[in-house]
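Please have the sequence and the 3D view open together. The text below goes from the whole chain to single residues.

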Amino acid sequence: MKKNKIKVNKKLIIIISICVIIIALLLLLVYKLLFSNNGDVYGHRLDGIENYKIEDSLITDIKNSLLINEHIVSVNYVLKGKRMDFNLKVDDNLSVDDAKSAAKVIIEKIPESLKTFYDILINIDGTNEAYPIMGTCNNCSEIIW
């Protein structure tokens, strides 16, 4: 009985098998098109970054210059691709204008050769309602608050 059903539905089984194979190939093609970067988030945007090394001594110098101000509690630095992120934690006694002035030390300490390649993001965080504030410097024209 089963052999008769297979013989009767032979064309239908072949058509369904071909459709399943085509759908699997299409799904594989879509996956390859959408996820073809193999984990490389930045693509070609980081080309030439090896020519613009950021020395640890520069970051240490910037942190030490900022921490001289007793109202700055901590300074954290993270490099993300072509973006230098500085996160400053300040106490409540530091006004927003004074915090912005203190953060300009970062821009002053970074050499021009690095400013033209990296974007700089400065985030100042405190506990009162005036904070957080964020400043950016895109290939460093001037810091924007």
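Predicted model: local features only at pLDDT ≥ 70, side-chain atom pairs only at ≥ 80, totals over all residues.

Residues are numbered from 1 along each chain as its sequence is written, and side-chain values use heavy atoms, with hydrogens and water left out.

The protein chain has five helices and four strands. Helices (H or I, at least four residues) and strands (E, at least two) are DSSP runs, numbered from the N terminus. Starting at the N terminus, the order of elements is α-α-α-β-β-α-α-β-β. The protein chain is more spread out than a compact globule, because its radius of gyration is 28 Å, well over the 15 Å that the globule rule gives for 145 residues. Here the radius of gyration is taken over C-alpha atoms, and the globule rule is 2.2 Å times the number of residues to the power 0.38. The C-alpha trace spans about 90 × 40 × 25 Å along its principal axes.

Of the 145 residues in the protein chain, 27% are buried. Buried means under 20% relative accessible area, exposed means over 50%, and partly exposed lies in between (1.4 Å probe, protein chains only). The accessible surface of the protein chain comes to about 10400 Å², and carbon and sulfur atoms hold 58% of this area. Accessible areas come from the Shrake-Rupley method with a 1.4 Å probe; for residues, only the protein chains shown count as cover. Among contacts with a separation of 6 or more in the protein chain, 51% are between residues 24 or more positions apart. A contact means heavy atoms within 4.5 Å.

Helix α4 covers residues 96-109. At 1.5 Å a residue its 14 residues should span 20 Å, and the end C-alpha atoms are 21 Å apart, which agrees. The expected span of a helix is 1.5 Å times one less than its number of residues. Within α4, the residues A99, A102, A103, V105, I106 and I107 are buried. What do the buried residues of α4 pack against? Their partners are α3, β1 (72-80), β2 (83-90), α5, β3 and β4 (133-137). D97 also lies in helix α4, but D97 is exposed, with a relative accessible area of 58%. D97 and L58 are 39 residues apart along the chain, and their C-alpha atoms are separated by 25 Å.

The aromatic rings come next. Rings of Phe, Tyr and Trp (its six-membered ring) pair if their centres lie within 6.5 Å; planes under 30 degrees apart count as stacked, over 60 as edge-to-face and the rest as tilted. By this rule the count is three aromatic pairs. One of them is the stacked pair of Y52 and F117, at 4.2 Å centre to centre with 10° between the planes. This pair links distant parts of the chain, 65 residues apart: Y52 is in the loop between α2 (10-34) and α3 (56-67), and F117 is in the loop between α5 (112-115) and β3 (119-125). Y52 is partly exposed at 28% relative accessible area, whereas F117 counts as buried at 9%. F117 and Y118 form an edge-to-face pair, because their ring centres are 5.1 Å apart and their planes stand at 80°. Y118 counts as buried at 2% relative accessibility. Y52, F117 and Y118 together form one aromatic cluster. The charged end of K82 sits over the ring of F117, 4.4 Å from its centre. A charge sits over a ring if NZ of Lys or CZ of Arg is within 6 Å of the ring centre and within 35 degrees of the ring normal.

In strand β1 one finds V75, which counts as buried at 8% relative accessibility. Leaving aside neighbours within four places in sequence, V75 is in contact with K63, L66, L67, N87 and L88. V75 and N123 are 48 residues apart in sequence and 9.9 Å apart in space, C-alpha to C-alpha.

N69 lies in the loop between α3 and β1 and is partly exposed, with a relative accessible area of 22%. Not counting residues up to four places away in sequence, N69 touches L94 and A102. N69 and A24 are 45 residues apart in sequence and 62 Å apart in space, C-alpha to C-alpha.

The bond from Y131 to P132 is cis, with omega near 5°. Most peptide bonds are trans.
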